[in-house]
Amino acid sequence: MQKDVVTGLGIEGHIPYTRSVNTNGDRADGVKKPEGCALVTGAGRGLGAAIAEALADERPVCVNWNEDADGAAAVVERIEAAGGRAVAIQADISDNAAVEGMYNRVEEELGPVLVLVNNAGVRRDLPAGFLDPEDWQRVVAVNLTGQFHTIRRALGKMVRHRFGRIVNVSSISAVRPLPGQSAYAAAKAGVEAMTKTVAIEVARRGITVNAIAPGLMNTGFVAEMDEDWSAAMPPRRIAEPGEVAGLVHYLVSEEASYVNGAVLNIDGGLTAGLAIFSPRGRPAPAGIALDDN
Amino acid sequence: MVLKTSTTPEQMGTRILEALVEFGADPDAMHPDATLESLEIDSLDMFELAQILHQEFGIEVNPDDFEDVATLGDAQAVLVGYLK
């Protein structure tokens with residue numbers, strides 16, 4: 001029996017789309033959905049929460065968090081209320097031992113991680129001359145090295161299952177940085193290079209590795225800004241997290257099996273034209289605190 | 001994971017050959033002097049083989065041990081050596 005389903009699970013601001021599936025969750029053309037769960041890092045809030053909820057219609061989800069325990073618990077609650085299955089697991093992805101512990105637990109509770117979305121990130125935006133080396137290290141450790149830790153641990157099971165989907169969250173800052181983003185932009189540029197490298201290493205085992213590069217999204221970071229950036233965006237609005245989650249939902253699907261090693265901008269067209277410095281030609285606010293995506 | 005000490009070199013050798021065939025190596029071409037390159041076994045295959053040996057025998061393969069490995073016989077010697 002087939003039906004049209006709306007992806008996403010009622011996330012505020014999510015713009016849903018429909019696709020045809022069988023009621024048992026397998027594809028309408030009869031291809032069996034690969035088993036395994038999804039792991040979304042930094043999923044206690046913002047984009048990560050939206051992605052975790054969007055993916056929960058396909059498979060169990062591990063909601064990784066590091067600082068926002070209440071947020072992660074709320075995400076799990078919403079997924080379960082919508083009929084999905086999820087667990088929240090705390091781990092600082094910059095710590096390889098913590099990542100190992102998280103994987104051991106999620107494999108025991110939900111099965112192998114065959115979908116990995118590397119969303120967790122921190123930022124410390126200051127002009128390079130003011131940026132402490134410790135802050136540089138922290139930004140690179142979470143945004144770049146942390147993604148390596150989770151990918152490295154996931155690949156063994158993905159290779160054995162002949163299926164895997166990895167989506168790394170980059171940023172338009174990787175190629176269009178704002179002043180103050182030396183650490184963040186460098187880490188995200190590294191993410192894009194790592195994405196392409198791993199993509200060509202494992203492609204013939206049915207694994208795809210892609211990156212997305214969002215522009216401004218309606219998350220906690222934007223709420224902290226004292227300027228309205230909407231006017232600087234070609235659509236005259238910033239993205240809702242659910243819109244970006246929809247792209248991730250596609251990239252982890254069977255239908256996206258030939259999309260590999262790509263960096264997909266999802267920025268409303270911002271980087272298609274001339275770089276826009278700020279609504280008033282001033283640099284972005286500096287001194288943003290360390291914060292998950 | 002604990003090394004499964006009851007594993008014999010013969011059991012492990014058999015599993016290695018099975019895995020290489022699964023990866024696409026020609027069974028008729030598998031003799032000790034055959035190079036991994038001639039068998040079309042590459043680093044991704046070796047990575048997956050390491051996963052199999054870890055999962056099934058509890059062996060932690062160190063990629064540095066394969067620096068001088070060129071032939072199937074070389075590879076089997078290194079891998080079976082983990083049992084000692």
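This is a predicted model: local features need pLDDT of at least 70, side-chain atom pairs count only at pLDDT 80 or more; totals for chains, interfaces and linings use all residues.
Let me begin with the overall make-up of chain A. There are seven helices and nine strands in this chain. Of its 293 residues, 54% are buried. If you take the contacts in chain A between residues at least 6 apart in sequence, 69% of them join residues at least 24 apart.

Now the sheet. Seven strands of chain A form an open sheet with parallel pairing, and the order is β5-β4-β3-β6-β7-β8-β9. Which strands are at the edges? They are β5 and β9 of chain A, the latter covering residues 263-266, and each of them pairs on one side only. On average, neighbouring strands in this sheet are turned by 20 degrees against each other, with direction ignored.

One pairing to look at is that of β3, residues 37-40, with β6, residues 113-118, both in chain A. These two strands pair in the parallel sense over four bridges. Within the pair, A:Leu39 stands opposite A:Leu116 of β6(A). Helix α3 of chain A, residues 96-110, packs on the sheet and touches β3, β4, β5 and β6 of that chain. The direction of α3(A) makes about 165 degrees with that of β5(A).

Another helix, α5 of chain A, spans residues 182-202 and lies across β7 (164-169), β8 (207-214) and β9 of chain A. Helix α5(A) runs at about 160 degrees to β8(A).

Next, please find helix α2 of chain A, residues 69-81. The helix has 13 residues, and from its first C-alpha to its last it reaches 18 Å, close to the 18 Å expected at 1.5 Å a residue. Which residues of α2(A) are buried? The list is A:Gly71, A:Ala72, A:Val75, A:Val76 and A:Ile79. Those residues cover an arc of only 140 degrees around the axis, which puts them on the same side of α2(A). As background, an α-helix has 3.6 residues a turn, so residues three or four places apart point the same way.

What do the buried residues of α2(A) pack against? Their partners are α1 (46-55), β4 (61-65) and β5 (86-90) of chain A. On the face turned away from the buried side, α2(A) carries the exposed residues A:Asp70, A:Glu77 and A:Ala81. After the helix comes A:Gly83, and its phi is positive, near 95 degrees.

I will turn to the charged pairs. Side chains of opposite charge can pair when their charged atoms come close. Over all chains, the count comes to 21 salt bridges. I have picked out a few.

The next example joins A:Asp125 to A:Arg123, with closest N and O atoms 2.5 Å apart. Here A:Asp125 is buried, and so is A:Arg123.

A further salt bridge is made by the side chains of A:Asp135 and A:Arg124, at 3.3 Å from N to O. This pair links distant parts of the chain: A:Asp135 is in helix α4 of chain A, residues 133-161, while A:Arg124 is in the loop between β6 and α4, eleven residues apart. A:Asp135 counts as buried because its relative accessibility is 16%, under the 20% cut-off. A:Arg124, at 24%, is partly exposed.

There is also a network of salt bridges that links residues of chain A and chain B. Its members are A:Arg160, A:Arg162, A:Arg204, A:Arg205, B:Glu22, B:Asp42, B:Asp45 and B:Glu48.

That brings me to chain B and to B:Met30. Where is this residue? B:Met30 lies in the loop between α1 (9-22) and α2 (43-57) of chain B. The residue is buried, with a relative accessible area of 17%. Leaving aside neighbours within four places in sequence, B:Met30 is in contact with B:Leu17, B:Leu20, B:Val21, B:Ala25, B:Leu39 and B:Leu72. By contrast, the C-alpha atoms of B:Met30 and B:His54 are separated by 23 Å, and these residues are 24 residues apart along the chain.

How values were computed: Residues are numbered from 1 along each chain as its sequence is written. Chains are lettered from A and ligands numbered from 1 in the order in which they are written. Side-chain values use heavy atoms; hydrogens and water are left out. The expected span of a helix is 1.5 Å times one less than its number of residues. Buried means under 20% relative accessible area, exposed over 50%, partly exposed in between (1.4 Å probe, protein chains only). The arc is that of the directions from the helix axis to the C-beta atoms. Contact means heavy atoms within 4.5 Å. Two strands pair if DSSP finds at least two bridges between them. Axes are lines fitted to C-alpha atoms, for helices over the stretch in contact, and angles run from 0 to 180 degrees between N-to-C directions. A salt bridge is a side-chain nitrogen of Lys or Arg within 4 Å of a carboxyl oxygen of Asp or Glu.
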